[in-house]
Structures are given as C-alpha cells and as structure tokens.
Amino acid sequence: MRLATFNLLHGRSLSDGTVHADRIAAAVADLDADVLGLQEVDRAQPRSGLLDLTALAADALGATTHRFAAAVAGTPGEVWEPWHSGVDVAHPQYGIALVSRYPVVRWQITPLPAAPVRSPVYVPDGGLLLLRDEPRVLLAAVLETPSGPLTVATTHLSFVPGWNVRQLRHAVRALRALPAPRVLLGDLNMPAGPVRAFTGWKPLARAATFPSPSPKTQLDHVVADPRGAAALGRVVQVRTPHPLVSDHRPLVVGFDRR
C-alpha cells in the first residue's frame with residue numbers, strides 16, 4: 001500500500017509559470033499511490049484552464065473514488081470568500097482533495113477556521129506582505145481495504161504560526177471519532193518535530209519537501225495515530241520525487257501490511 005501527499009500549487013510549473021493537464025497527470029501518475037491527499041487544488045479556475053484537478057488526478061492513478069472539498073470560493077490572492085453551501089458549483093473554487101483506489105464507506109468534512117488577523121508573509125517578487133488568512137478544511141475518508149478499515153485524511157493548515165497548531169489539534173480530535181488505523185496526509189506548514197509534539201501522532205517519513213528545486217525543510221507529512229498504527233504494517237519506501245509542477249515535492253510512503 002502506498003499513501004502520498006502533494007501540494008499541487010494548482011498545477012503550476014515553476015519553470016514557465018503555466019498549467020498543463022499533461023504535466024499534472026504525469027506528476028500524479030508517477031506517485032502510483034493507492035491513496036493521495038492533494039492541497040492547493042483548483043476547480044473551475046481560469047488560472048488553471050478551468051480544469052477539475054481532482055478528477056484529473058484520479059484518472060492519472062486509475063482511482064475509482066475521489067472528492068474535492070472547497071475552502072474558498074473565488075481565487076486566492078485575488079477576490080475570494082469562504083466557501084459556503086450556496087456557492088454555485090460552476091464558480092471558481094480552491095481547496096483540497098482525496099483520491100483513492102479503495103472504496104470509501106464514509107466521508108467527513110471538518111471546517112478549520114482561518115486566523116482572525118492578517119499576518120506577514122514573504123512573497124517572491126513581492127517582499128513581505130500582510131496577508132489575510134484563508135479558511136481551511138479537513139477531508140477524511142473511511143476506506144475499505146483488503147486489510148480492513150482505514151481512515152485517511154488530508155488538510156492544508158495555515159501559514160500563521162500558532163494558529164496552525166490550533167487547527168492541527170482540532171483536526172486530530174475530529175479524526176479520533178473515526179476507525180483506526182488513522183493517517184493524516186498534508187501540508188501542515190510546520191516541521192515534523194512540532195507535529196509530533198503537539199499531537200502525539202507519529203511521523204511515518206522524515207524528508208525535506210520544500211522548496212521543490214532544492215528542499216530544505218519538511219512541510220508535507222504522513223503521520224499516524226499511534227493507537228492502532230501497527231495495522232498499517234512496516235514502512236518500506238519513502239520517496240520525494242521532483243515533478244515538473246508545484247513548489248513542493250510530493251511525499252510517498254509505502255507499507256508492507258503482511
């Protein structure tokens with residue numbers, strides 16, 4: 001079994017700043033993941049050619065099940081509002097997604113509120129800017145695998161220090177209501193040490209993932225609740241390939257569940 005997390009940067013290439021469906025499909029197919037958590041996912045966005053990036057990723061993996069969870073309606077960095085149930089499905093949206101080769105018996109979406117204040121963020125070519133934080137969301141699925149039930153979730157936490165810790169704790173509490181073993185995939189915007197310290201969950205891979213050309217730090221994680229984690233089996237593979245899209249490297253973790 002292979003689990004993976006990948007912050008897509010809406011499929012944009014750092015080399016030329018463009019979005020191409022074939023590049024995204026090739027990057028995802030190379031992961032060969034049975035379950036993939038995606039962050040910074042566009043749906044119906046002009047900047048990404050109106051592509052449904054979740055469906056594109058599912059096709060690339062030959063996955064039978066996928067779900068997109070919007071965090072905002074509109075375009076980040078431009079005009080947007082927190083996503084709500086009244087948003088037209090054809091309106092540009094941005095959020096996270098889960099793609100699975102296994103059947104899903106239950107989905108759960110948990111809102112993670114945005115930080116209430118603007119925070120300084122360094123933006124390439126823009127310097128230090130005070131940015132409004134976006135709301136976040138946790139998307140969880142209870143999967144039916146050959147070895148029994150498995151809960152896998154994905155999220156993309158705030159860039160605001162401290163507030164991302166609050167969101168992470170909220171996410172962990174929500175996941176503990178679902179069956180073990182429980183695994184969280186995502187861009188948590190903090191290193192592995194704080195993730196373990198603030199949750200008690202076990203990092204299943206230690207590898208730098210950001211920035212993609214020459215990674216210096218790990219922002220992207222695969223972590224497991226120690227309660228029931230033995231059922232996941234042994235970690236036998238860790239990969240951080242360098243695709244042609246995104247400023248993050250994906251993180252792939254392979255298990256031997258025998």
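Reader: Which residue of S9 is the bridge partner of leucine 112?

Author: Strands of a sheet pair through backbone hydrogen bonds, and the pairing is either parallel or antiparallel. In this model, which is predicted, leucine 112 has arginine 136 as its bridge partner in S9. That contact belongs to the pairing of S6 with S9, two strands that run antiparallel and are joined by eight bridges.

Reader: In what order do the strands of the open sheet follow one another?

Author: Reading across the sheet, the order is S6-S9-S10-S11-S13-S12, which makes six strands with mixed pairing. S6 and strand S12 (202-203) stand at the edges, and because each has a single partner strand, one side of each is left without a neighbour in the sheet.

Reader: What are the pairings of strand S1, and is the strand mostly covered or uncovered?

Author: Strand S1, residues 2-7, is mostly covered, with five of its six residues buried. With strand S15 (residues 251-256), S1 runs antiparallel and is joined by four bridges; within that pairing, arginine 2 has glycine 254 of S15 as its bridge partner. With strand S2 (residues 35-43), S1 pairs in the parallel sense over five bridges, and here threonine 5 has glycine 37 of S2 as its partner. Between S1 and S2 the chain passes through helix H1 (residues 21-31), and this β-α-β crossover is right-handed.

Reader: Which residues touch the most other members of the largest nonpolar core?

Author: The largest nonpolar core has 29 residues, and Val183 and Leu232 are the ones that touch the most other members. Several strands each supply at least two residues of this core, namely S3, S5, S9, strand S10 (148-156), strand S11 (182-187), strand S13 (220-224) and S15. The largest share comes from S9, which gives four residues.

Reader: How many cavities of 30 Å³ or more does a search of the whole structure find, and what lines the largest cavity?

Author: The general idea is that rolling a probe the size of a water molecule over the atoms shows where empty space is left. Here the search of the whole structure finds one cavity of 30 Å³ or more, and the volume of the largest cavity is about 80 Å³. Its lining is made of Glu40, Ala71, Tyr94, Gly95, Ile96, Glu134, Pro135, Arg136, Val137 and His156. Strand S5 (93-100) and S9 are the elements that give two or more residues to this lining, and S5 gives the most, with three residues. By class, the lining of the largest cavity divides into five nonpolar, two polar and three charged residues. Arg136, which lines the cavity, is also the residue in S9 that partners leucine 112.

Reader: What is the volume of the second largest pocket, and which residues lie nearest its centre?

Author: The second largest pocket has a volume of about 350 Å³. Of the 18 residues that line this pocket, Ala69, Ala70, Ala71, Trp83 and Ile109 lie nearest its centre. Strand S3 (65-74), strand S6 (104-112) and strand S9 (136-145) each supply at least two residues of the lining, while the largest share, five residues, comes from S3. By class, this lining has 14 nonpolar residues, one polar residue and three charged residues.

Technical notes
Residues numbered from 1 in each chain as written. Predicted model: local features only at pLDDT ≥ 70, side-chain atom pairs only at ≥ 80, totals over all residues. Heavy atoms only, no water. 1 Å grid on protein atoms, 1.4 Å probe; cavity = no way out; pocket = protein on both sides within 12 Å on 5 of 7 lines; lining within 4 Å. Points joined across faces, edges and corners; volume = space filled by probe spheres on them. Nonpolar A, V, L, I, M, F, W, Y, C, P; charged D, E, K, R; others polar. Buried < 20%, exposed > 50% of the residue type's maximum accessible area, 1.4 Å probe, protein only. Pairing = 2+ DSSP bridges. Right-handed = clockwise from strand over helix to strand, strands pointing away. Core = buried A, V, L, I, M, F, W, Y, C linked by side-chain atoms within 4.5 Å.
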